Amino acid sequence: MAIGVPMAQALALARAAQRIVPPNPAVGCVILAPDGRLLGQGQTQRTGGPHAEVMALRDAQSRGHSVAGATAYVTLEPCAHHGRTGPCCDALIAAGIGRVVAALADPNPRVAGQGFERLRAAGVAVEVGPGARAARELNIGFFSRMVRQTPWVRMKVASSLDGKTGLHNGVSQWITGPAARTDGHAWRARAGAILTGVGTVIEDDPMLDVRLVETDRQPPLVVVDSRLQTPPTARILSGQRPVWIYAASRDEARAAALEARGATVVCLANADGKVDLAAMLADLGRREVNELHVEAGHKLNGSLLRERLVDELLLYLAPKLIGSGLDMASQSQPGGPLTELTGALPLEFRSVEMIGPDLRIVARVAGRDEF
């Protein structure tokens, strides 16, 4: 189904809102008069703020336009429930909107077609479908959380062209150039949370915040730390954002020291005495994390890949040959390196793009978006 110019404009508005809306979906709305004139447009605001439809109605009002009989193009079904804001379908009905063209239905069980039903019951014509694929991609994490109850897991890796993430002595800064690092921060900014391992915290003492692109929202940080080895002095504990530390067992003294710095300690152990990563993802879903952005070392990366918990890879390849370093096959596969290609993890290239002198590849695990 053709998207059309109005829906393309609504999708652009939604895309521009991705950094501010989590845990809400990014939605855009464009209102056109019957003669095609633009009456108003808007996008979902940060959590607790107005949704796209209300913003578009306010925009039309500020321009002095009546929207009676107009068509609202919206990238997701108008909500029908009272959450942090009121139902958007009721606002459209009260304003006299005559027709709603929506990209797709809201997967939230609290909506799930009820918005369309209420619009139709009020005499509003409803069309669903234009721009559905693009709208779902914009909110793949929200759909994942609503349908699978777990975040969409995106693993970021920067490496040389021969697949090495660092030198034999552990030095890894900076393999890629400034443009790729800035682009990586843009992906951080849209995430619901950023995940790393305790090894990275101890060895690098990173901030893992968003600095290279504009944002007024810092995603929460998640640390996998089976034995609670995170130093209370770690820089990740120096900000105001939530820090969730997942452990396999609770050492009361260490937990108290971390909690005194504002961290939340969650104990989820598997049968091997390590953090149950699948249970952690379920817990993060309950904490309303839509997209989980992974920036970790080879051990945690390997565990996530081995347990088939990764949905998508964000790869930055620098035009360099290092010649020694991480053997991803031995780290990410059960029992060491593969002996048959049939055991390889199947991926689908979603995009390949030059970012400065480096190559960015977005590769999705085959079939992971079929939910």
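Start by selecting His 293: at 1% relative accessibility, this residue counts as buried (buried is under 20% relative accessible area, exposed is over 50%, and partly exposed is in between, with a 1.4 Å probe and protein chains only). Before going on, note that this is a predicted model, where local features need pLDDT of at least 70 and side-chain atom pairs count only at pLDDT 80 or more, while totals for chains, interfaces and linings use all residues. Residues are numbered from 1 along each chain as its sequence is written, and side-chain values use heavy atoms, with hydrogens and water left out.

His 293 sits in strand 11. Helices (H or I, at least four residues) and strands (E, at least two) are DSSP runs, numbered from the N terminus. Now show what surrounds the histidine, leaving out residues up to four places away in sequence: His 293 touches, among others, Arg 154, Lys 156, Trp 187, Arg 188 and Leu 314. A contact here means heavy atoms within 4.5 Å.

Check its backbone: phi is positive, about 65 degrees, although Glu 288 is not a glycine. Most residues other than glycine have a negative phi. Glu 288 is partly exposed, with a relative accessible area of 32%.

Move on to helix 11, where Leu 300, Asn 301, Gly 302, Ser 303, Leu 304 and Leu 305 are buried. Just after this helix, select Arg 308, which takes a positive phi of about 55 degrees. Arg 308 lies in the loop between helix 11 (298–306) and strand 12 (312–318), and at 34% relative accessibility it counts as partly exposed.

Now jump to Pro 22 and Pro 23 and look at the bond joining them. Is it cis or trans? It is a cis peptide bond, with omega about 10 degrees. Most peptide bonds are trans. Pro 23 is in the loop between helix 1 (5–16) and strand 1 (28–32).

Cysteines are the next stop. Cys 29 counts as buried, at 0% relative accessibility. Then try Cys 79, whose sulfur is 3.6 Å from the closest cysteine sulfur, in Cys 88, and that is too far for a bond. Cys 79 is buried too, with a relative accessible area of 5%.

Finally, zoom out to the whole protein chain. Colour by secondary structure and you get twelve helices and 14 strands. The C-alpha trace spans about 65 × 45 × 35 Å along its principal axes. With 371 residues, a compact globule would have a radius of gyration near 21 Å, and the 23 Å of the protein chain agrees; the radius is taken over C-alpha atoms, and the globule rule is 2.2 Å times the number of residues to the power 0.38. Buried residues make up 51% of the 371 residues. Of the contacts with a separation of 6 or more, 69% are between residues 24 or more positions apart.

Key: A disulfide is a pair of cysteine sulfur atoms within 2.5 Å.
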